[in-house]
Amino acid sequence: MIPIRRARTCLDTIHLETASHVRRHTQYGWAYPTTVSEDKVALFVPVIGVLLALILAMSPQLLLSNSAIDPLITRDDLTSEQIHSLREIGFATLPSEVNEGLPAIHLIEKVDGNLIIAGTWAGEFHFKDHSVFVSEGARDVFLAKLDVFGNWSWVHTFGGSGEDSVVSLESQGSEWVLRGRFYDTFFADDHQLYSDSKWSANAFQVNIEGNSVQNLWHYDEALLPLPIEGVWCGYR
């Protein structure tokens, strides 16, 4: 397994909600409510905050993921050449810009200084020193490698007649496994998938090794996480 580092999206937030509770006691057969004093509430809230911080420090995967959390990828982890290459393309930095058709980075991993980037785009999309790619449907999928010198070592594009999305990226030995959702049709090089319905989402798994697609499979849609709404823009 290749060691990877997870990326922070532009919208990563943790919301903590608190609620007050009323306890009831019985005395002489009668029930009456009692409330917690403001002083006790003021003490209770920071104590809970400290306990939550300790839990996150000891085992962040309990709240954030099913797997161990690696240090998040930020601008400080990138070379100046990588930052320049990412800026040159003009990736979306807000979810609203994705709706406008801009290419977007949804998943990113770092291995030996190189970046493995998965995202989506609509219309025309151009990586330096590679062909201009034109989407087949409302939105297609790409997977690309950006080396430490800012060169796009390889680029793969996938898609079909519907709107496609990516939800997970992981390494399996020398292969990269990309999973996501598609509608109607989905193509990856010479491999192709057809959905049972044009109106409901199907899931795909594509295995890539270097410059070639190894396999394209139907995947159980129920096993996929929810679609990714945020975008990664840690190069800004």
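Trainee: Which residues have the most contacts inside the largest nonpolar core?
Mentor: Leu86, Ile117, Phe127 and Trp152, in a core of 22 residues. A nonpolar core here is a set of buried Ala, Val, Leu, Ile, Met, Phe, Trp, Tyr and Cys residues joined through side-chain atoms within 4.5 Å. Buried means under 20% relative accessible area, exposed over 50%, and partly exposed in between, with a 1.4 Å probe and protein chains only.

Trainee: Which elements supply at least two residues of this core?
Mentor: α3, β3, β4, β7 and β8 each do. Helices (H or I, at least four residues) and strands (E, at least two) are DSSP runs, numbered from the N terminus.

Trainee: What lies apart from it?
Mentor: Another core, of 21 residues. Val111, Ala118, Val141 and Ile208 are among them.

Trainee: Before I go on, what are the ground rules?
Mentor: This is a predicted model: local features need pLDDT of at least 70, side-chain atom pairs count only at pLDDT 80 or more, and totals for chains, interfaces and linings use all residues. Residues are numbered from 1 along each chain as its sequence is written, and side-chain values use heavy atoms, with hydrogens and water left out.

Trainee: Back to leucine 86. What is it in contact with, leaving aside neighbours within four places in sequence?
Mentor: Leu78, Phe91, Ile105, Leu115, Ile117, Leu146, Trp152, Trp232 and Tyr235. Contact means heavy atoms within 4.5 Å.

Trainee: Which residues of α3 are buried?
Mentor: Gln82, Ile83, Ser85, Leu86 and Ile89. They cover an arc of only 165° around the axis, so they sit on the same side of α3. The arc is that of the directions from the helix axis to the C-beta atoms.

Trainee: Why would residues three or four places apart point the same way?
Mentor: An α-helix has 3.6 residues a turn, hence that spacing.

Trainee: And what covers the buried residues of α3?
Mentor: The cover includes β3, β4, β5 (124-126), β7 and β8. On the face turned away from the buried side, α3 carries exposed Ser80 and His84. Just after α3, glycine 90 takes a positive phi of about 80°.

Trainee: Now the sheet. What is the strand order?
Mentor: β3-β4-β7-β8, an open sheet of 4 strands with antiparallel pairing. Two strands pair if DSSP finds at least two bridges between them. β3 (104-111) and β8 (152-158) are the edge strands, each with a single partner, so one side of each has no neighbour in the sheet. The twist averages 15° from one strand to the next.

Trainee: Is β3 mostly covered or mostly exposed?
Mentor: Mostly covered: 8 of its 8 residues are buried.

Trainee: How many bridges join β3 to β4?
Mentor: 7, with the strands antiparallel. Valine 111 has asparagine 114 in β4 as its bridge partner. The hairpin has 2 residues between these strands, and aspartate 112 there takes a positive phi near 50°.

Trainee: What about β7 and β8?
Mentor: β7 (residues 140-146) pairs with β8 over 6 bridges, antiparallel. Phenylalanine 142 stands opposite threonine 157 in β8.

Trainee: Where does α3 lie?
Mentor: Helix α3 (residues 80-89) lies across β3, β4 (114-121), β7 and β8, running at about 10° to β4. Axes are lines fitted to C-alpha atoms, for helices over the stretch in contact, and angles run from 0 to 180 degrees between N-to-C directions.

Trainee: Switching topic. How are β11 and β12 joined?
Mentor: By 4 bridges, between antiparallel strands at residues 185-188 and residues 191-194. Phenylalanine 187 partners glutamine 192 in β12. The two strands form a hairpin with 2 residues between them, and aspartate 189 in the turn has a positive phi of about 55°.

Trainee: Last one. How many helices and strands does the protein chain have?
Mentor: 4 helices and 14 strands. Of its 236 residues, 38% count as buried.
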